[in-house]
Amino acid sequence: MNNKGFTLVELIGVMVILIIITAIAVPNISSTVERNKAKKNEEANKSLEYAVELYFSDHKSARDKDNCWIDINEELVKGRYIMKDEITTTDKYAI
């Protein structure tokens, strides 16, 4: 007999192996993505803090206020202390 093809058992075996590989790979990939997002947010926050420090070094009178809020769009972006892409989820920054 000239059998050309795979049996049902062979196909199911391959599918089981692919499912096992997928079950192992997906959690690893998703945790890597989450770590990268957290790292990106941390770097953006450091960049924002540095921009605020630069802003206050140029505008020393603004630091004298007790409770100071910087409007990021007005002060930091337009003053070219930070680029718009570096801003995280907030538009105001408390000092």
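A salt bridge, as the term is used in these legends, is a side-chain nitrogen of Lys or Arg within 4 Å of a carboxyl oxygen of Asp or Glu. By this rule, the count comes to one salt bridge. The model is predicted, so that local features need pLDDT of at least 70 and side-chain atom pairs count only at pLDDT 80 or more, whereas totals for chains, interfaces and linings use all residues. Residues are numbered from 1 along each chain as its sequence is written, and side-chain values use heavy atoms, with hydrogens and water left out.

**View 1. The protein chain as a whole.** The protein chain holds two helices and two strands, which follow one another from the N terminus as α-β-α-β; helices (H or I, at least four residues) and strands (E, at least two) are DSSP runs, numbered from the N terminus. Of its 95 residues, 15% count as buried, where buried means under 20% relative accessible area, exposed over 50%, and partly exposed in between (1.4 Å probe, protein chains only). The accessible surface comes to about 8000 Å², and 58% of this belongs to carbon and sulfur atoms; such areas come from the Shrake-Rupley method with a 1.4 Å probe, and for residues only the protein chains shown count as cover.

View 2. Helix α1 covers residues 8–58, and its 51 residues reach 74 Å from the first C-alpha to the last, close to the 75 Å expected at 1.5 Å a residue. That expected span is 1.5 Å times one less than the number of residues in the helix. The buried residues of α1 are A44, L48, A51, V52, Y55 and F56.

**View 3. The salt bridge between E42 and K46.** The closest N and O atoms of E42 and K46 are 3.6 Å apart in this salt bridge. Both residues lie in helix α1, four residues apart, which is about one turn of the helix. E42 counts as partly exposed at 48% relative accessibility, while K46 is exposed, with a relative accessible area of 52%.

**View 4. A nonpolar surface patch.** L8, I12, V16, I20 and I24 make a nonpolar surface patch of about 480 Å². Patches are made of residues with over 30% relative accessible area and no salt bridge, like charges being joined within 9 Å and nonpolar side chains (Val, Leu, Ile, Met, Phe, Trp, Tyr) within 5 Å. L8 is exposed, with a relative accessible area of 61%.

**View 5. L54 and L76.** L54, in helix α1, counts as partly exposed at 32% relative accessibility. The C-alpha atoms of L54 and L76 are separated by 9.4 Å, although the two residues are 22 residues apart along the chain.
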